[in-house]
Amino acid sequence: MSAFINELPKVELHLHIEGTLEPEMVFALARRNGITLDYADESALRAAYDFQDLQSFLDVYYQGMQVLLTEQDFFDMTWAYLSRAHGERVRHTEIFFDPQAHTDRGVPLAAVVGGIHRALEQARQQWGMSSRLIMSFLRHLSEEAAFEILHHAEPFRHKLAGIGLDSSEKGNPPAKFARVYAAAREQGFRLVAHAGEEGPARNIRDALDLLQVERIDHGVAAVQDGKLMQRLARERIPLTVCPLSNLKLKVVDTMAGHPMLTLLRAGLCVTVNSDDPAYFGGYMNANYQALQDGLGATDGELLQMALNSVEACWLSPEEKAVLVRDVRAHGEAFGVKH
Ligand code: HPA
Ligand code: ZN
């Protein structure tokens, strides 16, 4: 691991907290909750992390999170991620969670939001690490179900910064959620959506025009549409790209074929993120390192991506200024220009 990457101050903007459950924690929580898993042990579970596409991952992902039952479970999972992120110099993180995947199993939303939020608060107090929480709708479920969870979340509104959209992109285009996004916007939520991961560039345009999102999660399909790339660059719409995720889910065949640098050089606000790090082989540092080792990104380009993440995050201008100063100082300490 390069010292430049290791010590670079980082902001993470695309992280599913349920995707941070390492096999060891899945088994520990299963034991604690008296749940029998379909896998004999941790290594058998890890062996199942061999995906053909997004859906084959999602099947394992929804299975893994069934060990989460109590507020303490959600706290422990979130605290494990935050400890790891803190160790990788992540200074600010914006975290997704999938409420419907828990409430549909009978887990109270208060336990989900309460446990995650308690860990975020402890990280803020202990390390000065800041965060935001983003509630995602599962796009393979109905519009009605999304409206239901939005309503159900009203008592927790003050703990939630934004709304996201994840799960199976194919067959579930942005238009399906236009009305529920309009309702969320009226409630003052900030809006993002997964688009252009496995789906076409068209989904990115529709997420912007029909859902009115301010950031696109993934968005790598933009590279197939020159006009859309120009628009994303002109409007500085951030893309929260996840290199190791794209490789593991075969969105790209090799890291050398990843469009990250094409998008960066076209002037897009691309950022580096880990998505579901327990499943995709690495947290933030590993994603930056993969861009360097597999794609040949220079330290200067990585520095620019780290600055893009500060620009794209939801901190106040004053808080962003502190992070920009620290990222720039890190570059200067290593003699890196961008
Ligand atoms: N894409 C879609 N849904 C998801 C993902 C993702 O990368 N991670 C968790 N749910
Ligand atoms: Zn994602």
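Visitor: Which atoms are the protein donors of the zinc ion (ligand 2)?

Guide: H14 (NE2), H16 (NE2), H194 (NE2) and D275 (OD), at 2.0 to 2.2 Å. Donors are N, O and S atoms within 2.8 Å of the metal (3.2 Å for Na, K and Ca); water is not among the atoms, so sites may look incomplete. The model is predicted: local features need pLDDT of at least 70, side-chain atom pairs pLDDT 80 or more, while totals for chains, interfaces and linings use all residues. Residues are numbered from 1 along each chain as written, chains are lettered from A and ligands numbered from 1 in written order, and side-chain values use heavy atoms, without hydrogens and water.

Visitor: What makes the arrangement around the zinc ion (ligand 2) irregular?

Guide: Its four donor atoms subtend angles of 83 to 174°. Tetrahedral requires all angles between 85 and 135 degrees; four count as square planar and six as octahedral if opposite donors are over 155 degrees apart and all others between 65 and 115; anything else is irregular. The arrangement is therefore irregular.

Visitor: Why is H14 called buried?

Guide: Buried means under 20% relative accessible area, exposed over 50%, partly exposed in between (1.4 Å probe, protein chains only). H14 has 0%, so it counts as buried. H16, at 4%, is buried too.

Visitor: Why is D326 called buried?

Guide: Its relative accessible area is 18%, so D326 is buried.

Visitor: What does D326 touch, not counting residues up to four places away in sequence?

Guide: P9 and R91. Contact means heavy atoms within 4.5 Å.
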